[in-house]
Amino acid sequence: MAKRSNLQNINTPVVDGELDIAPTRVTPYNKLIGKKAIRSKIDANLIVNGAISGNRYVFPKAGTIVYVDERDIDSLVSKRLGGRSCCGADTNANFLFEIV
Amino acid sequence: MSLITGTPLGNVDSQEELYLEGSPYIYIQDNSANPLNNPDGDGYYWGMSGTAAYPAYALGCVSDVSLTEDVTVNAIRCDTIGDKDALQRRNYVDFVFTLSTMFPLTTIRHLLGLSTPTVGGGLEKVGIGSISNTRYYMVYAPKVYDEDTGDYLLFHLHRAKPVDAWTIGMGADGWKITGLKLRAFADDTKPSTQKFGVIVRADPSAIP
């Protein structure tokens with residue numbers, strides 16, 4: 001009969017500290033740093049370029065929300081479609097975007 | 001002042017000495033949106049509230065505006081005495097007008113049945129393709145008839161679409177789009193008494 005090894009001599013691992021659930025890792029590549037959401041107000045396929053970043057933003061239809069570089073916000077929300085409004089229209093009419 | 005002689009006796013309602021001139025402003029919106037009053041406290045569906053997803057469009061310089069209806073009349077005719085009755089069915093209500101403002105294309109493309117425009121880089125592009133038969137609009141047309149008090153009359157149509165051929169006249173007297181017709185059909189999601197639309201008059205000095 002083979003000699004049984006003395007199991008009491010095997011080094012058992014020692015846990016340092018208390019046992020706890022592994023902390024949630026922050027995945028920085030999904031975080032919208034320096035971005036703000038704006039929404040299209042015009043029922044058209046809008047293609048605009050950010051004045052500062054030069055990024056190209058596409059809004060396929062009215063109500064589309066896109067996260068844009070926050071440096072581009074001022075130039076984008078001031079964009080209007082068309083010149084002087086006609087015939088009793090609101091002076092705030094025809095702005096392309098609004099901040100969400 | 002009515003005639004003293006020959007007027008009916010008893011309870012007689014008379015019309016008001018009030019005459020209107022000039023057309024209402026006209027607004028359209030995709031009828032996927034709800035009217036502003038949906039409904040109001042009296043059960044009427046009217047008004048317009050533009051949203052980011054469904055903007056309301058204000059039409060510019062309109063002229064020759066008229067509102068008319070189409071009715072089918074079926075006579076009940078007896079060989080003995082001729083017509084006994086005429087049964088009527090309202091088929092639709094038309095808002096007909098001429099438009100002198102051409103831009104932006106994102107607005108008039110709804111009236112002319114053109115494609116969704118692409119806007120950017122200083123360009124507005126729209127295609128002349130097939131007409132969409134699946135898109136309907138609410139039409140809202142308010143008319144302030146007393147500018148001192150703000151009394152107004154408005155027309156609201158629930159389910160309209162542009163019909164018929166348009167013409168863009170390019171004359172020296174100014175470009176005009178004629179033949180524009182917004183045809184309102186019955187909307188059976190609304191109460192039967194207002195299935196085509198609603199007319200509202202606001203005049204606190206004349207209406208209790």
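Visitor: Which residue in β10(B) is the bridge partner of Thr167(B)?
Guide: That's Thr178(B). Before we go on, this is a predicted model, where local features need pLDDT of at least 70, side-chain atom pairs count only at pLDDT 80 or more, and totals for chains, interfaces and linings use all residues. Residues are numbered from 1 along each chain as its sequence is written, chains are lettered from A and ligands numbered from 1 in the order in which they are written, and side-chain values use heavy atoms, with hydrogens and water left out.

Visitor: OK. How many bridges are there between β9(B) and β10(B)?
Guide: There are 5, and the two strands pair in the antiparallel sense. Strands here are DSSP E runs of at least two residues, helices are H or I runs of at least four, and both are numbered from the N terminus. Two strands pair if DSSP finds at least two bridges between them.

Visitor: And what joins β9(B) to β10(B)?
Guide: A hairpin, through 2 residues.

Visitor: Let's switch to Asp151(B). Buried or exposed?
Guide: Buried, because its relative accessible area is 4%. Buried means under 20%, exposed means over 50%, and partly exposed is in between, using a 1.4 Å probe and protein chains only. You'll find Asp151(B) in strand β8 of chain B, residues 151-162.

Visitor: What is Asp151(B) in contact with?
Guide: Setting aside neighbours within four places in sequence, its contacts include Lys143(B), Tyr145(B), Ala202(B) and Pro204(B). Contact means heavy atoms within 4.5 Å.

Visitor: Now Asp30(B). Where is that?
Guide: In strand β1 of chain B, residues 27-30. Asp30(B) counts as buried because its relative accessible area is 12%.

Visitor: Which side chain has a polar contact with the side chain of Asp30(B)?
Guide: That of Arg135(B), at 3.4 Å. A polar contact is a pair of N or O atoms within 3.5 Å; within protein, one must be able to donate a hydrogen and the other to accept it, and residues adjacent in sequence count only if both atoms are side-chain atoms. A polar atom of the Asp30(B) side chain also lies 2.8 Å from the backbone nitrogen of Ser32(B).

Visitor: How many disulfides are there over all chains?
Guide: The count is 0 for the whole structure. A disulfide would be a pair of cysteine sulfur atoms within 2.5 Å.

Visitor: Then how exposed is Cys61(B)?
Guide: Cys61(B) is partly exposed, with a relative accessible area of 34%. Cys78(B) is also partly exposed, at 27%.

Visitor: What about chain A? How many helices and strands?
Guide: Chain A has 1 helix and 5 strands, and along the sequence they follow the pattern β-β-β-β-α-β.

Visitor: In what order do the strands of its open sheet come?
Guide: The 3 strands run β4-β1-β5, with antiparallel pairing. The edge strands are β4 (65-69) and β5 (97-99), each pairing on one side only.

Visitor: Which residue in β5(A) stands opposite Ile38(A)?
Guide: Ile99(A). Strand β1 of chain A, residues 35-40, is joined to β5(A) by 3 bridges.
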